[in-house]
Amino acid sequence: MDEDYPPSAIANDESGTVSLALTVTPAGLVSKCVAVSGTAPDRLKTLTCQLVQERGRFEPARDEQGKAVTGFFTGAVRWQIPEGEMVLQSAPREGTWMLTFILETDGSMSDCQSEGENDRYPQRFCEFTEVPIFQPILGEEGEPVRRRVRIKTEVTLEDPDE
């Protein structure tokens, strides 16, 4: 169900398959679930087993006399981000913050730090340190140079009628 999809998994564009091995009781309930393989991240595999154990109902296996017995089931679940799904960001709060980082000669960031009263926005910015996201700063001779960058921001919330 779409409402089972964790918002953080949607925000991180996480999807994939989960192959399951289940143990089903004579009452048709799932007593054990093991995610045996799949392409989904581990947290979606764990969630799949949790949901199957909470909600799964099966016709139990039967022995030669027709008596319900413990049985086993294998199957797969596919996690696919619902069409048009979007995670809303929380509204900004008033405050000030400073973002400081080293802009490397290849355009990537290092030593990224945020501080201040309202630092959740710049802290997310610091998550992008693995790849170049800027054009390098050029020195006097046109060569890329390494520089410390400081960005100071103030957020105010005002009545639109003022």
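Arg57 is exposed, with a relative accessible area of 56%. The exercises below use a predicted model.

**Exercise 1. Place Arg57 in the fold and list its contacts beyond its sequence neighbours.**

Step 1. Locate the residue. Arg57 sits in the loop between α2 and β3.

Step 2. Check its exposure. The cut-off for exposed is over 50%. Arg57 has 56%, so it counts as exposed.

Step 3. Look for contacts. Set aside neighbours within four places in sequence. Arg57 is then in contact with Gly28 and Leu29.

Step 4. Arg57 and Thr25 are 32 residues apart along the chain. Their C-alpha atoms are separated by 9.8 Å.

**Exercise 2. Find which cysteines form the disulfide, and state the handedness of the link.**

Step 1. Count. Searching the whole structure gives 1 disulfide.

Step 2. Name the partners. Cys33 is joined to Cys49, with an S to S distance of 2.1 Å. The cut-off is within 2.5 Å, so this pair qualifies.

Step 3. Read the torsion. The angle about the S-S bond is -65 degrees, and the link of Cys33 and Cys49 is left-handed.

Step 4. Cys33 belongs to strand β2 (residues 30-37), and Cys49 belongs to helix α2 (residues 42-55). The pair therefore ties together parts that are 16 residues apart in sequence.

Step 5. Check burial. Cys33 and Cys49 are both buried.

**Exercise 3. Classify the aromatic pair of Tyr5 and Trp79, then that of Phe58 and Phe73.**

Step 1. Know what to read. A pair of aromatic rings is described by the distance of the centres and the angle of the planes.

Step 2. Count. The structure has 3 aromatic pairs. Two of them are worked here, starting with Tyr5 and Trp79.

Step 3. Classify Tyr5 and Trp79. Their centres are 5.1 Å apart, and the planes make 90 degrees. Over 60 degrees counts as edge-to-face, so this pair is edge-to-face.

Step 4. Tyr5 lies in the segment before α1 (7-11), and Trp79 lies in strand β5 (residues 71-79). The pair links distant parts of the chain, 74 residues apart.

Step 5. Check their burial. Tyr5 has a relative accessible area of 5%, and is buried. Trp79 is buried too, at 8%.

Step 6. Classify Phe58 and Phe73. The centres are 5.1 Å apart, with 50 degrees between the planes. This pair is tilted.

Step 7. Phe58 is in the loop between α2 and β3 (61-62), while Phe73 is in strand β5. The pair thus ties together parts 15 residues apart in sequence.

Step 8. Phe58 is partly exposed at 26%. Phe73 is partly exposed at 38%.

**Exercise 4. Decide whether Glu104 is buried or exposed, and name its contacts.**

Step 1. Locate Glu104. This residue is in the loop between β6 (95-103) and β7 (109-116).

Step 2. Apply the cut-off. Buried means under 20%. Glu104 has a relative accessible area of 19%, so it is buried.

Step 3. List contacts. Leaving aside neighbours within four places in sequence, Glu104 is in contact with Ser110 and Arg146.

Terms used
Residues are numbered from 1 along each chain as its sequence is written. This is a predicted model: local features need pLDDT of at least 70, side-chain atom pairs count only at pLDDT 80 or more; totals for chains, interfaces and linings use all residues. Side-chain values use heavy atoms; hydrogens and water are left out. Helices (H or I, at least four residues) and strands (E, at least two) are DSSP runs, numbered from the N terminus. Buried means under 20% relative accessible area, exposed over 50%, partly exposed in between (1.4 Å probe, protein chains only). Contact means heavy atoms within 4.5 Å. Rings of Phe, Tyr and Trp (its six-membered ring) pair if their centres lie within 6.5 Å; planes under 30 degrees apart count as stacked, over 60 as edge-to-face and the rest as tilted.
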